[in-house]
Amino acid sequence: MTAADLFIMNVAAPTAGAMFSASLALGPMGAVLEARGKSDLGEVNPDVFPVLMVNCMAWVVYSAVISNSFIFAGNIPGVVLGLFYTLSTYGLSAGPGRLKIEKVALGLSTLLILTCFATTTVWKARQASVLGLFANVVVFVVFSSPLTTLAEVLRTRNSASINRPFGIIQVLNCVTWVAYSLYISDTYLLVPNLFGLVLGLVQCALMVWFPARKTPSMKQSDSDPSLLSNDVLGGSPSSSSPEPEPPVGPWGSPPAGPAGRGACPPGGGVSSAGGGGCEEAPSGAPPYGTGV
């Protein structure tokens with residue numbers, strides 16, 4: 001290989017891969033910020049974010065084991081941003097949604113900790129292999145998670161639930177990492193990026209075949225507004241609904257009482273038995289002409 005080829009494979013390709021990986025982590029930022037501003041998840045799928053966070057943690061550990069600064073640089077933004085997305089969408093999720101985020105985040109984090117411990121004790125001689133396999137398993141979930149709504153996309157012929165920047169940048173990201181992994185002969189890096197490339201192309205195809213159409217939000221959060229503002233969002237709680245107005249008659253008066261009685265103005269009074277005039281209500285009588 002020429003010096004130019006060596007530079008491309010040793011420096012340019014992995015640097016571009018690290019930049020695309022950081023851009024990939026930034027892909028959902030706009031949708032998450034919009035959801036935070038509206039205090040409503042809307043079309044945002046929160047399930048991917050805790051998986052993204054733990055996936056990037058696994059690759060950071062793997063990069064430390066094999067001493068690869070490019071893999072490290074490409075995944076550190078995902079750790080930080082994945083945590084931000086997880087906390088943001090957790091605050092906007094309803095009860096079952098919150099429980100799912102908790103289970104995924106705590107479960108995967110625990111598995112990563114146990115795997116790291118095992119590779120420093122039982123599997124010390126196979127440290128890189130075990131961590132590489134773990135990172136592969138998690139990254140498969142990350143790459144395929146946007147397609148969890150595939151059935152809905154096909155049913156509605158609407159790809160609004162697929163994050164467009166995520167899909168496009170995923171293709172560019174995987175192309176660079178595939179090239180670099182082939183050059184350094186890293187199977188653990190090659191396999192998930194080939195898988196991610198295929199899935200990214202599928203997402204892009206769905207976006208073309210089924211253009212996104214805006215629909216009314218179906219994911220309304222029924223969480224306490226004060227919890228949203230104080231827990232994650234930092235906004236002010238929404239004001240309470242106004243008291244319902246009392247019913248009125250055709251001319252702005254309270255509705256007429258029983259037959260033969262006229263309508264009396266608010267503030268008391270009962271209709272006279274004779275001809276529809278109003279008399280002063282006795283002390284303690286309920287308003288709106290309910291006296292006899």
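**Confidence along the chain.** pLDDT is the predictor's confidence in each residue, on a scale from 0 to 100. This is a predicted model, in which local features need a pLDDT of at least 70 and side-chain atom pairs count only at pLDDT 80 or more, while totals for chains, interfaces and linings use all residues. Residues are numbered from 1 along each chain as its sequence is written, and side-chain values use heavy atoms, with hydrogens and water left out. The protein chain has an average pLDDT of 75, and 69% of the residues score at least 70. Over residues 279-292 the pLDDT stays under 50, and there the model has 15 contacts (heavy atoms within 4.5 Å) beyond four places in sequence. Residues 257-263 also stay under 50, with 11 such contacts.

Helices here are DSSP runs (H or I, at least four residues), numbered from the N terminus. Helix α4, residues 69-92, contains 24 residues and reaches 35 Å from its first C-alpha to its last, close to the 34 Å expected at 1.5 Å a residue, where the expected span is 1.5 Å times one less than the number of residues. In the protein chain, mean confidence is highest in α4, at 93, and lowest in helix α10 (residues 225-233), at 35. At Asn75 the helix α4 bends by about 25°, with Pro77 following within four residues; the bend is the angle between axes fitted to the seven residues ending at a residue and the seven starting there. Asn68 caps the N-terminal end of α4, with a side-chain oxygen 3.0 Å from the backbone nitrogen of Phe70.

**Tyr62 and Tyr188, an aromatic pair.** The structure holds 6 aromatic pairs, for which ring centres of Phe, Tyr or Trp (its six-membered ring) must lie within 6.5 Å, with planes under 30 degrees apart called stacked, over 60 edge-to-face and the rest tilted. The rings of Tyr62 and Tyr188 have centres 6.4 Å apart and planes at 75°, so this pair is edge-to-face. Because Tyr62 lies in helix α3 (residues 48-66) and Tyr188 in helix α9 (residues 187-209), the pair ties together parts 126 residues apart in sequence. Tyr62 is buried at a relative accessible area of 3%, whereas Tyr188 is partly exposed at 24%; buried means under 20%, exposed over 50% and partly exposed in between (1.4 Å probe, protein chains only).

**Phe70 and Tyr180, an aromatic pair.** Phe70 and Tyr180 form an edge-to-face pair, 6.2 Å centre to centre with 75° between the planes. This pair links Phe70 in helix α4 with Tyr180 in helix α8 (residues 164-184), 110 residues apart.

Methods
Helices (H or I, at least four residues) and strands (E, at least two) are DSSP runs, numbered from the N terminus. A polar contact is a pair of N or O atoms within 3.5 Å; within protein, one must be able to donate a hydrogen and the other to accept it, and residues adjacent in sequence count only if both atoms are side-chain atoms.
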